[in-house]
Amino acid sequence: MLSAADGRLGMEIIRSQRPDIIITDLSMPNMNGLEVVEAVRALDKNLPIVMLSGNGMLDDAMEAIRLGAWDYISKPVRDLFELEMIVNRCLERARLLSENKSYQTNLEQLVTQRTAQLAKLFKAVEQSANSVIITDINGAIEYVNPKFSQVTGYSQDEVLGKNPRILKSGRHPEQYYRELWKTISAGKEWRGEFSNLTKDGKLFWELCSIAPIRDETGNITSYVAIKEDITDRKAYEERLLYQAHHDELTGVFNRYYLQSYLELQMEIMNRNNQYLTVMLLDIDNLKFINDTFGHEFGDQLLKEVANRLKKVCGNTYIVSRFVADEFIVVPPLSENADEPRSQAETIRSALNNVFVINGTEVVATASIGVVGYPEDGECVETLLKHAEATMFQAKKNGRNSIAYYTRELSNSLQYRFELATRLHHALERNEFMLNYQPQINMETGQISGMEVLLRWQPENGKSIPPDIFISLLEENGHIVPVGEWVLWHACSQCVEWEKQGLPPLRLSVNISAIQFIRSDLDETVQRVLRTTGFKPTQLCLELTESILMLDSAKTIARMQTLTSMGITLSLDDFGTGYSSLEYLGRLPIKELKIDRAFINRMLTTDNDSALVNTIIAMGHGLNMELVAEGVETAEQLAYLIDKKCFTIQGFLISRPMPAEEFKQFMDQWTPQSAGGYLIKN
Ligand SMILES: [Mg+2]
């Protein structure tokens, strides 16, 4: 306990010692009680002050209370117990006040802390790289963050109170959303992907996690959805998927997709009343086009072919690129077997229209093989193998045609494969031989020349027809060395005959398109003429129309090189291709050979006789030599002579013969012999 004699001293003690309670008199020298109360209150609001007041000073005591004293007691203090009570009460109040103060301080700190945390949390949500949506228990939106607006294009105001289904793209089935609601209303978290639409209708993808929020009692009060924009990733995935299913060059489906598509169709189709048809198309002259114009040009053509196929077939057909220049078209399952088949004809004729690539016109006809499931193959692999065999049949039928599968074809594919293997060694095993077929000018009765024809007689086997093995030689490229062999042997033979006393004859040699384009034909011919001593003016090269389909500078230049050497160029099997009259006139070609098929039918079919007449008139108009091939009857001969086509070749006069026989034929022939074949009126 500290005491002071007057108010001022009292204040000094209070300032320096800070007592627990102050008991002060009202009237004191230097500083009265009221002044002390004021001074103490300025110092500390909660320091207990008890005022001692004399009798009749109640007003002053009340004033002291007003100024901040907590209690008063009258002087003289007789009841110490009362004083103790007052002091205790004051001390208790001071303690409570002090406690309250620290409690309040704590509370204030807590509130500040929480506010800061909340602000941080809010900032995190507001600035999150993910969209955040909070909905009430019914799915009505209560909050969206700026990222949401950025992704969807909807402002917060536009979506508040609305359901997130406003973003629905319709890509997910209703079941998907039902599962979602079932999960979250059961209090569990749902995770999944959404394809949604932005406000302006753009599709985007989100990876979404939706979780329920519960109150203290455990009831779900709202849902929070956190969504990550995965559009880029999805686009990448879709691109990968696209690449896995599509042909890079043409953009149509690839073979992997086709195979799985066919497997699926085979599973789902009803075999009793549905038909699954597969058409395999092979572009007839892509090899030549690549060789002539380069692969980039060929690629461009393939793209155009793919586009045309898509256009002709429409969306319900599957168009795919199978390999290199082969496409496969699968019509939708049909209840009418003939319907997809008639489409094959539509496709074939659509491809007959010229393609214009970089300003150059080219023809890209297709040979089409058509097969049906299950009758033509019980699984995808067999079906496609048979489709390929059927396509080869179409090629054999003269290209630009359609063939349907027959069982014999399957064997023929096997057969072709075996032949190709044997053909590989035919040259070194000396299995090739040459036959010569005379060409007679019926006007003069003279033998004007002969065509040399290649024959293949494999060891321990019967001879193979040229239409089969020549196409095999072309496929594997062997036609180039074999062609050179033919040229060399035939020229040597002719030189030999001349030495034996035969008159100089013109020799016609067939040149395959592959040989013309792929090899250095002009150099080869020059070399052969040089080494054999055969005269270029006696040599005629028979080219096929497929060479002419390629209007390339290279083709024409090569033709000119050959003719400048003195060689004659002839166009073989004329009438089967697409040569235009105008184009033909610009080429250094001196002779047209009318295809045997037209000669064969010209007396029975109006079309063919008209065609033969046209070709003859055309030949005369262009001042070209004409040779009719495959003349077998006197009636055909008479018709041709009537049309002034005098040079003929065919069984009527002679079949192709080996060298010795040809020599005998020549020895026996006189101009009068020709008369024997004419119909005597
Ligand atoms: Mg020929």
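Leu67 is partly exposed, with 17 other C-beta atoms within 10 Å. By that I mean the following scale: a residue is buried if 20 or more other C-beta atoms lie within 10 Å of its own, exposed if 12 or fewer, and partly exposed in between, with C-beta atoms placed from the backbone.

Before I go on, two remarks on the model. It is a predicted model, in which local features need pLDDT of at least 70 and side-chain atom pairs count only at pLDDT 80 or more, while totals for chains, interfaces and linings use all residues. Residues are numbered from 1 along each chain as its sequence is written.

Back to Leu67, which has its place in helix α3, residues 58-67. Helices (H or I, at least four residues) and strands (E, at least two) are DSSP runs here, numbered from the N terminus. Leaving aside residues up to four places away in sequence, Leu67 touches Leu34, Val37, Glu38 and Arg41. Contact means that the C-beta atoms of two residues, placed from the backbone, lie within 7 Å. Between the C-alpha atoms of Leu67 and Arg518 there are 121 Å, and the two residues are 451 apart along the chain.

Now the domains. The assignment, which is automatic or from a database, gives domain 1 as 7-102, domain 2 as 128-236, domain 3 as 246-415 and domain 4 as 424-675. Taken over C-alpha atoms, the centres of domain 1 and domain 4 are 142 Å apart.

Next, the sheets. Strands β1, β2 and β3 form an open sheet in that order, with parallel pairing. Two strands pair if DSSP finds at least two bridges between them. The edges are β1 (22-25) and β3 (71-74), each pairing on one side only. From one strand to the next the twist averages 25 degrees. Between β2 (residues 49-53) and β3 there are 4 bridges, and Val50 has Asp71 of β3 as its bridge partner. Helix α2 (residues 33-43) lies across β1 and β2 and runs at about 150 degrees to β1. For such angles, axes are lines fitted to C-alpha atoms, for helices over the stretch in contact, and angles run from 0 to 180 degrees between N-to-C directions.

Lys75 and Pro76 are joined by a cis peptide bond, with omega of about -15 degrees. Pro76 sits in the loop between β3 and α4 (80-126).

A second open sheet has 5 strands in the order β10-β11-β9-β14-β15, with mixed pairing. Its edge strands are β10 (318-323) and β15 (402-404), each of which pairs on one side only. Strand β14 (residues 366-373) runs parallel to β15, and 3 bridges join them. Val370 has Tyr404 of β15 as its bridge partner. Across β9 (276-283), β11 (326-330), β14 and β15 lies helix α12 (residues 338-351), at about 165 degrees to β14. There is a cis peptide bond here too, between Tyr373 and Pro374, with omega of about 5 degrees. Pro374 belongs to the loop between β14 and α13 (380-396).

How do helices α10 and α11 pack? Helix α10 (residues 286-293) and helix α11 (residues 295-313) pack at an angle of about 140 degrees, with axes 6 Å apart. They are therefore oblique to each other; angles under 35 degrees count as roughly parallel, over 145 as roughly antiparallel, 65 to 115 as roughly perpendicular and the rest as oblique. Residues making the contact include Leu286 and Phe293 of α10 and His295 and Leu301 of α11.

On to helix α15, residues 466-476, where Phe469, Leu472 and Leu473 are buried. These residues cover an arc of only 100 degrees around the axis, so they are on the same side of α15. The arc is that of the directions from the helix axis to the C-beta atoms. Just after α15, Gly477 takes a positive phi of about 85 degrees.

Which strand is largely enclosed by the rest of the structure? That is β20 (residues 568-574), because 6 of its 7 residues are buried. Strand β19 (residues 539-543) pairs with β20 in the parallel sense over 4 bridges, and Leu541 has Leu569 as its partner. Strand β21 (residues 591-594) also pairs with β20 in the parallel sense, over 3 bridges; there, Ser570 is bridged to Glu591.

Most residues other than glycine have a negative phi. Asn430 has a positive phi of about 60 degrees and is exposed, with 9 other C-beta atoms within 10 Å. Asn623 also has a positive phi of about 60 degrees, and its 8 C-beta neighbours inside 10 Å make it count as exposed. Asn430 lies in the loop between α14 (407-423) and β16 (432-441), and Asn623 in the loop between α23 (606-621) and β22 (625-628).
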